[in-house]
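Hi,

Here is the structure we talked about. Please have a look, then read my notes below.

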Amino acid sequence: MNGLVSSILEHYNQWVTIFLMVAGLYVVVARGNMVKKLVGLSVFQTSVYLLYISPGKILGGTAPILIDDPNAVYSNPLPHVLILTAIVVGLATIALGLGLVVRINEVYGTVEEDEIFERSDDE
Amino acid sequence: MISTQLLDQLPALQVCLPLAGAALCALIDRRYIAWVLTTLISFAMPVIAVMMLIQVMTVGPISYAFGGWEPPFGIEYRVDVVNGFLLVLISVMGAIIMPYALRSVAAEIARNKQAWFYCMYLLCLAGLLGMAITADAFNAFVFMEISSLSMYVLIALGRDKRALVAAYQYLILGTIGATLYVIGVGLLFAMTGTLNFGDMAERIVAVEQSRPVLAALAFITVGMCLKLALFPLHVWLPNAYTGAPSVATAFIASTATKVAVYLLLRFYFSIFGAAFVFEDLPVTPILLVMSVAAMFAASIVAIFQGNVKRMLAYSSVAQMGYITLGIALATPIGLTGGIVHLFNHALMKGALFMALGCVALRIGGCRLDAMAGIGRRMPITMAAFVIAGLSLIGVPGTVGFVSKWYLALGAIEAGWWWLAFLIVGSSLLAVVYIGRVVEVAWFRAPTGTAAEATDPPLSMLIPTWILAAACIAFGLDAGFTAGVAAEAADALFAGLRQ
């Protein structure tokens, strides 16, 4: 029991990642409101940022700029750079998604998926 | 001197030219200038791609250090037989569609949005070419999102208001697919500390049996299968293809899913290694079941569609099943069949969707009942449709026969006779749905708008016929396509490890 608790506590960052991942995906699947779906998608994407960033943190590590101390431990800058890119990609995706929802709202007068499908079936 | 310097920069130009062109199109915002610019750039692409493929075939793989940063530290662009072939395919399709686009886009898209259409088209082209050329796992993700985001816009530009919902659904599922891929890449990065394909392939051997690597394989498989629309994950595809403007459908259907297949192949064969994926893990039965399900279920659904564009979209899902079947066989012959079908399917679906675009230009839609007798009024267009349709069925003398022949050989070689019968059986379903269109279009009296329809202008007919003729030419002489595909399959089995 203690082993389980400590393994959860030691890897709490991974558990947070997994929780966000699953929660985000659940919101995307379970909600019919198109804006809420995008919120879920955003949470899902954010969990990936954590997945990359948290193993990239080295305890006691300094910024990867060369200093005189020969014993210096440097953090790997690559995960942060990758995630900076991924954040931009995520931003673009959400922006485009919201743009589409605005257009859908103009055309259909609703952002609820089931109402839209009802209206499409009538035609 | 200058020419050799320029030759060295070909891999970068392949991606940078369309990217720069997209920005210019957006800034200029004049539809004719945008079309001319897009045409010029999209015709430069096959030239670059063919020059690189020739170089690869004679000298060997090209490695290009982007920005002068040596791989594995910097981003590497690497062209070998596999992606060299794919680059030629994408860029040729991208170029052939452009002359066709002028009239079709003018008819289907609002005047003030046409320059933006070309902007998005070039962005999409840049993204797909970038995905194919890069040897960096994360860079591939960025290019995947560039192509996907522009694709969502291309689809949303469709006249039908359902196109908006289709684009939204594709955005949700496409983003989930890409995010699953990037989760897989993140796990691999955490285990190997590198993103370069070649470097990763060497370092993964030491950690092969660890749980994160297994999870990474699963995430990448599901993510890419979403992108390539493997059967149960295909739900975004029919609506997206149906709603998109004709030019966008022809382009997306013949290129986008193919690049996803390529990336999956790259991970399976070059990085994880065929022995690990297909011998240690049950990837073959999983892919096999889903492929066969796609071949039958999607073909059967296709038979009952009232909209021909939608019917062909379902047929695309079925055809992707043949390609993944080739991967699942995991033998050189089976894989050759899969790669040849990748190429051949692009040709025939391109021709079919372009012929439908001609029909849409004249009668304003693609509903089967509105197409009665259209073969008599638009004989040249519908003849191209029939040729590409026969190719889809796999009639000897067309490209469809070549790829199915290799797939059946691969199945028999593996000792699965029943699979060879299933391949033939699902082709019979294609006879039914193509036959329905042929019956309505040629053997009924023209009514309504179809009665006044005429063949479209030459700028649309010629590209359609180039593809239809290619269906026959590469069907009669499969030496080039099957030869390159066999070499690509060998290169994949050889792997990236030195």
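Two residues are in contact if their C-beta atoms, placed from the backbone, lie within 7 Å. By that rule, and leaving out residues up to four places away in sequence, B:Cys471 touches B:Leu347, B:Met348, B:Ala351, B:Ile387, B:Ala388, B:Ser391, B:Thr398 and B:Val399.

Some ground rules. This is a predicted model: local features need pLDDT of at least 70, side-chain atom pairs count only at pLDDT 80 or more, and totals for chains, interfaces and linings use all residues. Residues are numbered from 1 along each chain as its sequence is written, and chains are lettered from A and ligands numbered from 1 in the order in which they are written.

Chain B overall. Chain B has 20 helices and two strands (DSSP runs numbered from the N terminus: H or I of at least four residues, E of at least two). Its radius of gyration, taken over C-alpha atoms, is 21 Å, close to the 23 Å of the globule rule for 498 residues, so chain B is as compact as a globular protein of that length. That rule is 2.2 Å times the number of residues to the power 0.38. Buried residues make up 64% of chain B (buried means 20 or more other C-beta atoms within 10 Å of a residue's own, with C-beta atoms placed from the backbone).

Domains. Chain B is assigned domain 1 (1-281) and domain 2 (303-498); the bounds come from an automatic or database assignment. Their C-alpha centres lie 22 Å apart. In domain 1 of chain B, 44 residues are in contact with 40 residues of domain 2. On the domain 1 side, α11(B) gives the largest share, 17 residues. That side has 29 nonpolar, 11 polar and four charged residues. Here Ala, Val, Leu, Ile, Met, Phe, Trp, Tyr, Cys and Pro count as nonpolar, Asp, Glu, Lys and Arg as charged, and the others, Gly among them, as polar.

Core. The largest nonpolar core has 240 residues (a set of buried Ala, Val, Leu, Ile, Met, Phe, Trp, Tyr and Cys joined through C-beta atoms within 7 Å). B:Cys471 is among those with the most contacts inside it, along with B:Ile155, B:Ala167, B:Ala351 and B:Ala388. Each domain of chain B supplies at least three residues to this core.

Chain contact. 21 residues of chain B are in contact with 25 residues of chain A. On the chain B side, α7(B) gives the largest share, 14 residues. That side divides into 15 nonpolar, three polar and three charged residues.

Best wishes

Note on methods
Buried ≥ 20, exposed ≤ 12 C-beta atoms within 10 Å, placed from the backbone.
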